[in-house]
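Subject: Structure handover

Hi,

Here is the structure for your files. Please load it before reading on.

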Amino acid sequence: TLQLQQPQDKVLVTAGETFTLTCTISGSGPVGPVKWLKGWGSRNEIIYDQTGTFPRVTRAVDGSNTDFTIHIRDVRPEDSGTYYCVKFRKTLHGGSEVFQHGNGTEVSVRAKPTPPIVSGPGHRAGPGQSVSVTCTAGGFFPKDISVKWFKDKTLISAQQPQITPGQTSSSYKMSSTVTVMLQEDDVHSWLICEVQHATLTAPLRRTYKLSNTLRVSPRVHVVADPPSPIEVNKTLNFTCHVEGFYPEKVSVTWLENRTVMNTEILSQPVKTSQGLFELRSTVEVQATQERNGSVFTCRVVHDAQDPVSGTAALRIAAPAGEG
């Protein structure tokens, strides 16, 4: 009598590796092929038989009538499933039916997570406001995965990662979100998402610059030089100090009373040691009598926000001897 032995109960293999499925037959039995099937019933798939071509499958002992052990190389997550070694018996009508089969070997494919991707909000926020940053990775098996977040070198608390089935039934994907309150000095800060999984020898890390999402609005003030009051027909400078802003995109407009002055004074922002920017813009004005009491306004638009303004008035000194 024929005895079919399929001794392996479970096999755990890492994606990309080769695994072996063992099956031996002893004794004599009916005429008919031996095949390896994945799954049982109507959903099964032929993994190996002696007549087809199976590019990733090789026999352990070529041409043997007793050892039907196979090697499957370059394993993929979708190779997970239960494999059966099956002896068929030829029927009278040229078909075949199952004569004997093994108990099945359950194959699980361990797969590494993809490198994490970190994304922040689509808009900027200011100091004192909270922003959420999300880290995602996929394609891993088994399901257990851990995610740690650091701000610079400090571990920060985050929600438990959300783990959901991945693109194939035999892999998972995860998403982890952390919420941080921004500070002015976060221009130099980094968030780090660190992913650890059983398949990894070292954690996968991805960084995110908080400067990608930080906005620090400028402080604006205007200084007159020389200070008012000033003698008639002298010239003086109004200088607009625009300080402590981020990012560096800023536009400065000067107005005399409410009329825009057509001054082409473009000055470039300069970076400070804190990583913020500052800028100075100066207009030269002649102190004519009709300008007495005029108000000069420096209007600053930063990062598409509402304008921030600073003002100074021009006062003309009464000529000596009057009064």
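First, the ground rules. This is a predicted model: local features need pLDDT of at least 70, side-chain atom pairs count only at pLDDT 80 or more, and totals for chains, interfaces and linings use all residues. Residues are numbered from 1 along each chain as its sequence is written, and side-chain values use heavy atoms, with hydrogens and water left out.

Disulfides

The structure has 3 disulfides (a disulfide is a pair of cysteine sulfur atoms within 2.5 Å). Counting bonded cysteines along the chain, the pattern is 1-2, 3-4, 5-6.

Strands below (E, at least two residues) are DSSP runs, numbered from the N terminus; helices (H or I) need at least four. Buried means under 20% relative accessible area, exposed over 50%, partly exposed in between (1.4 Å probe, protein chains only).

- Cysteine 23 and cysteine 85: the S to S distance is 2.0 Å. The torsion about the S-S bond is about -70°, so this disulfide is left-handed. Cysteine 23 sits in the loop between strand E3 (19–21) and strand E4 (24–26), and cysteine 85 in strand E9 (residues 81–90), so the pair ties together parts 62 residues apart in sequence. Cysteine 23 and cysteine 85 are buried.
- Cysteine 135 and cysteine 193: S to S is 2.0 Å. The link is left-handed, with -75° about the S-S bond. Cysteine 135 belongs to strand E13 (residues 130–140) and cysteine 193 to strand E18 (residues 190–196), so parts 58 residues apart in sequence are tied together. Cysteine 135 counts as buried because its relative accessibility is 0%. Cysteine 193 is buried, with a relative accessible area of 0%.
- Cysteine 240 and cysteine 298: the sulfur atoms are 2.0 Å apart. With -70° about the S-S bond, this link is left-handed. It joins distant parts of the chain, 58 residues apart: cysteine 240 in strand E21 (residues 235–245) and cysteine 298 in strand E26 (residues 295–302).

An open sheet of 4 strands runs in the order E12-E13-E17-E16, with antiparallel pairing (two strands pair if DSSP finds at least two bridges between them). Its edge strands, each pairing on one side only, are strand E12 (117–119) and strand E16 (162–165).

E16 and strand E17 (residues 172–181) pair antiparallel over 4 bridges. Threonine 164 has lysine 173 in E17 as its bridge partner.

Best wishes
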